[in-house]
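Work through the exercises below with the sequence and coordinates at hand. Each task is followed by a stepwise solution.

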Amino acid sequence: MRSYRLSAAALLLAAPMSAILAAPLAAEDKAEDPGKFTGADLFGLSVASDPQISPDGSKIAYVRQTNDIMTDSSVSSIWLVDVASGAETPLVTGEGAHFAPRWSPDGGRLAYVSTESGGGPELHVRWMASGASANITALPEGPGGISWSPDGTRIAYTARVPGETLTLGSGPEMPEGAKWKDGPTIIDRVTYRFDGAGYLKSGFTQIFLVSATGGAPRQLTSGDRNHDGALEWTPDGSTILISGNRDADWELAGVDSEIYAIDIASGKITALTDRDGPDFHPEASPDGKTIAYIGYDDRKLAYEQNGLYLMNVDGSNKRRIAAGFDRDIASMEWTAAGLFVGYEDGGSYRVARISPTGTVTPLAASLVDTYYSRPYAGGQWSVSNNGTLAFTSGSDIRPSDVSVLRGGKVTRLTALNDLKLSGKRLGKTVALDVTAADGTKIPSWITLPPDYKPGDKLPLILEIHGGPYAAYGPHFSSEYQLFAGAGYATLFTNPGGSTGYGQAFADRIEGNYPISNHDELMAAVDAAIAAGYADPEQLFVTGGSGGGILTAWIVGQTNRFAAAASYKPVINWTSMALMSDGYAFFGEYWMKGQPWERPDDYWRRSPLAAAGNIKTPTLVLVGEEDYRTPRSEAEQFYGALKVQGIDTALVVTPGASHSDLSMSPSQQAKKTAAVLAWFDKYRKGAKKD
């Protein structure tokens with residue numbers, strides 16, 4: 001359950017495992033072969049993200065994130081790469097977090113967000129010729145959606161404006177000098193907490209304008225609606241385009257959103273779209289006559305691919321282009337070089353140029369995600385006025401770097417981990433041919449241990465991706481490399497529901513998830529055995545979020561796995577549908593109704609329904625502050641296993657939310673160490689304590 005769409009927009013350890021996580025990380029590696037990838041190697045690992053190419057295509061500013069062993073955190077800095085020479089220069093480093101670089105239209109300045117002043121995130125501008133920088137805003141909370149005006153004199157951004165909370169009655173008057181406990185929190189909003197953000201403060205996100213040289217900002221929007229996300233100026237500087245929902249029922253509007261035009265002079269807001277469904281990510285054409293946007297007509301499906309649309313700048317003449325392009329358009333940019341879109345495709349992420357008439361021309365660049373713990377398909381990119389593309393690149397043995405595509409040639413510009421990882425023997429990834437019972441190909445791969453020799457029959461971990469509307473690909477995964485270093489092969493697949501293969505492939509699980517995926521995943525395991533990679537007596541299964549759900553489902557259907565580890569699962573759709581941060585979405589779209597309307601179907605699709613069949617020793621893991629698949633789901637599963645006498649333990653990571661990367665590097669290492677220790681306990685020939 002990696003992400004979903006909403007109109008307003010996934011270690012405490014039970015006694016048997018506590019000694020493992022309590023031990024210092026270095027102890028894990030004492031007797032290890034120094035050439036193998038271990039948990040300690042997560043420190044010093046760097047990823048490149050948010051590559052922003054200058055308008056003339058000569059330079060790229062990007063964010064470098066490095067895992068620091070002394071602070072047990074990811075430290076971010078902003079670096080500059082010269083496209084012609086590949087020379088790198090640090091721009092913003094030192095204490096604090098530094099991120100979101102954005103070029104001025106003339107390329108002479110760079111806006112960015114930094115906490116270098118020691119307070120909260122602030123908007124800064126750097127003059128590239130002199131190297132001087134200035135703090136442009138003084139905000140109680142960090143700015144978002146940074147966007148330069150076309151003439152470079154102003155910067156638009158979003159920020160939360162505090163609001164009033166509901167009060168009910170009043171208590172007695174506190175005597176002077178007394179110290180009383182805080183009163184109750186009263187909640188009346190639909191979305192009152194959100195994964196990664198926790199319990200939300202009162203107020204709404206508004207749009208502000210500030211001079212690019214600093215000064216008091218002007219608040220452009222107001223009221224009890226959120227005005228957030230990407231901000232797009234029209235070329236004449238008179239209008240800002242946004243996406244949102246300003247309807248009376250906006251909190252329960254599902255995925256519905258519209259494109260709005262905000263007149264800078266008057267503040268007047270005009271809706272340019274009005275259909276039932278999401279319309280978002282507006283991009284103005286360089287001549288200012290046309291607006292491109294993405295979205296779809298809402299059919300109340302669990303997943304729908306975004307299409308690409310054009311309309312006149314006043315909202316007239318709406319039309320879809322490239323309607324036959326059967327991929328989900330997720331990102332977009334319109335420069336003097338043309339209209340470019342990003343999309344998942346077959347386990348990878350790509351960028352294409354699309355003409356106004358709908359001709360799609362894919363570019364010769366394959367992007368990778370910055371989510372290094374597991375091999376999700378994704379990528380980040382930007383394009384210059386001359387069509388030079390900057391993007392995140394990588395491989396199965398390297399996390400994300402910065403590459404550039406120009407003149408039809410791809411050039412890798414950074415090598416952030418080459419020196420660190422050159423001394424490591426890493427597991428290589430190979431494709432595996434898998435066919436479902438109905439003849440559908442199920443894209444699959446295996447990451448092999450570094451010392452694998454053809455003919456070796458290996459202990460095999462089936463690791464299942466989340467989403468379920470997401471995809472894996474043959475990309476770097478720190479977790480898979482830790483599995484490989486411990487002698488395990490990792491099988492990963494894109495079963496039905498995975499994105500990047502067209503709407504019909506995603507619809508294979510519509511209204512029947514997770515049941516539909518079981519046989520596809522078993523076919524992949526059978527194929528790994530038939531290909532000679534896997535020892536059928538040493539099979540293990542794990543996965544997070546949607547993969548955690550499927551792990552819990554699988555052990556209720558089969559006993560073929562020696563052990564399992566279910567990470568941030570959903571075990572009971574009734575409690576999930578009303579406890580998740582997306583409860584206004586999941587019942588209506590995923591379950592086709594609320595629990596009291598479809599109780600039998602909720603139970604049919606809940607792994608808890610088959611818990612009485614489980615015999616497999618199953619470890620359960622979750623983040624302490626996971627509000628997407630809430631901690632209570634993992635605790636229900638743990639309880640169901642315990643009362644039946646099934647060997648289990650519960651791993652709860654302090655401070656972690658749904659994302660793997662919300663864990664610190666040491667927490668990531670210890671989480672994987674716990675899974676490996678659990679599997680080792682049931683591995684054939686393993687030493688028993």
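The model is predicted, with local features needing pLDDT of at least 70 and side-chain atom pairs counting only at pLDDT 80 or more, while totals for chains, interfaces and linings use all residues. Residues are numbered from 1 along each chain as its sequence is written, and side-chain values use heavy atoms, with hydrogens and water left out.

**Exercise 1.** Find how many salt bridges the whole structure holds, and state which parts the pair Asp297 and Arg275 ties together.

Solution. 
1. The criterion is a side-chain nitrogen of Lys or Arg within 4 Å of a carboxyl oxygen of Asp or Glu.
2. Searching the whole structure gives 34 salt bridges.
3. One of them joins Asp297 and Arg275, at 3.3 Å from N to O.
4. Asp297 sits in the loop between β21 (290-295) and β22 (307-312), and Arg275 in the loop between β19 (269-271) and β20 (279-284), so the bridge ties together parts 22 residues apart in sequence. Strands here are DSSP runs (E, at least two residues) and helices likewise (H or I, at least four), numbered from the N terminus.
5. For accessibility, buried means under 20% relative accessible area, exposed over 50%, and partly exposed in between (1.4 Å probe, protein chains only).
6. Asp297, at 47%, is partly exposed; Arg275, at 17%, is buried.

**Exercise 2.** Is Asp401, the salt-bridge partner of Arg412, buried or exposed?

Solution. 
1. The closest N and O atoms of Arg412 and Asp401 are 3.0 Å apart.
2. Arg412 belongs to strand β31 (residues 409-412) and Asp401 to strand β30 (residues 398-406), so the pair links parts eleven residues apart in sequence.
3. Asp401 has 2% relative accessibility and is buried, whereas Arg412 is partly exposed at 41%.

**Exercise 3.** Describe how the axes of α6 and α7 cross, and which residues make the contact.

Solution. 
1. Axes are lines fitted to C-alpha atoms, for helices over the stretch in contact, and angles run from 0 to 180 degrees between N-to-C directions.
2. Helix α6 (residues 517-530) and helix α7 (residues 546-555) have axes that come within 11 Å and cross at roughly 85°.
3. The two helices are therefore roughly perpendicular (65 to 115 degrees).
4. With contact taken as heavy atoms within 4.5 Å, α6 contributes Asn517, His518, Leu521 and Met522, and α7 contributes Leu550, Trp553 and Ile554.
5. These residues divide into five nonpolar, two polar and no charged. Nonpolar covers Ala, Val, Leu, Ile, Met, Phe, Trp, Tyr, Cys and Pro; charged covers Asp, Glu, Lys and Arg; the others, Gly among them, are polar.

Conventions. Angles under 35 degrees count as roughly parallel, over 145 as roughly antiparallel, 65 to 115 as roughly perpendicular and the rest as oblique.
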